[in-house]
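Dear colleague,

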Amino acid sequence: YTTPLVYIQDVHTQIDFSKNFQLGSLFLEIWIKNDTQQILNPNSRKILVQLQNAEQQIVAEIRCPILEPVSPGAEIRVFDTIKIEKPILWSAETPYLYSLLISLETGLSGSQDHTFADENLSLNLGLRKVEIKKGIFFLNGEAIKLQGGNRHETHPDLGHAVPLESMIQDIVLMKQHNINAVRTSHYTDDPRWLDLCDRYGLYVI
């Protein structure tokens, strides 16, 4: 696909919780890139960020303005925070996923100019807090015993071209045998595998 000339280049999120996990603070860092030949003026774009639950209801929403001019070929980082009341926490046993919806809005309607096209992204997001205290793994404030194994990104017939169906077979087999963690040996796995771990509930090492 082709992105607009002003587009969302990258997104980074980090979650923190109150002591009783009844309030979550989702910190956002969003990179906007200007590949036009013109200076991007402040407030000419706005970033709409929405958090949608698994029932497709919007539970939190903010709009982040771009407050500084962006030179041609340059990028800018936009920071903001979403507050989430009574968040549903992700774990291997209950892999609940929210959708983070990010839209780069121009405020223009009916424009056919590719430069001014809106852009929309959707990311799956599990809300969780991971800690290691005195060598013990904690998730959302509770000690967790990891029961896992290694997985190589390979297929007996297709080599490293592992189809999605084979990945799903692997992860279902792991869950059936009470495996809750997987070590990706010895390289970065296909992003689809990481998405499946989020969806089915596996801790990735």
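Predicted model: local features only at pLDDT ≥ 70, side-chain atom pairs only at ≥ 80, totals over all residues.

In helix 1, the residues Leu164, Met167, Ile168, Asp170, Ile171, Val172, Met174 and Lys175 meet Arg192, Trp193, Leu196, Cys197 and Tyr200 of helix 2. Sorted by class, this contact comprises 10 nonpolar and 3 charged residues, with no polar ones.

Two packed helices are described by the angle between their axes and the distance between the axes. Here, the axes of helix 1 (residues 164–176) and helix 2 (residues 191–200) come within 10 Å and cross at roughly 35°. The crossing of helix 1 past helix 2 is right-handed.

Asn140 counts as buried because its relative accessibility is 13%, and the cut-off for buried is under 20%. The side chain of Asn140 reaches the backbone oxygen of Trp90 at 3.1 Å. Apart from neighbours within four places in sequence, Asn140 is in contact with Phe21, Leu89, Trp90, Leu127, Arg128 and Lys129.

As for the protein as a whole, it contains 2 helices and 13 strands. Of its 205 residues, 39% count as buried. The C-alpha trace spans about 55 × 50 × 35 Å along its principal axes. Among contacts with a separation of 6 or more, 64% are between residues 24 or more positions apart. The accessible surface comes to about 12,200 Å², and carbon and sulfur atoms hold 50% of that surface.

With kind regards

Notes: Residues numbered from 1 in each chain as written. Heavy atoms only, no water. Axes fitted to C-alpha atoms, helices over the stretch in contact; angles between N-to-C directions. Helix = DSSP H or I, 4+ residues; strand = E, 2+ residues; numbered from the N terminus. Left-handed = near helix turned anticlockwise from the far one by under 90°. Contact = heavy atoms within 4.5 Å. Nonpolar A, V, L, I, M, F, W, Y, C, P; charged D, E, K, R; others polar. Buried < 20%, exposed > 50% of the residue type's maximum accessible area, 1.4 Å probe, protein only. Polar contact = N/O pair within 3.5 Å; in protein donor to acceptor, adjacent residues only side chain to side chain. Areas by Shrake-Rupley, 256 points an atom, 1.4 Å probe, with all protein chains shown as cover.
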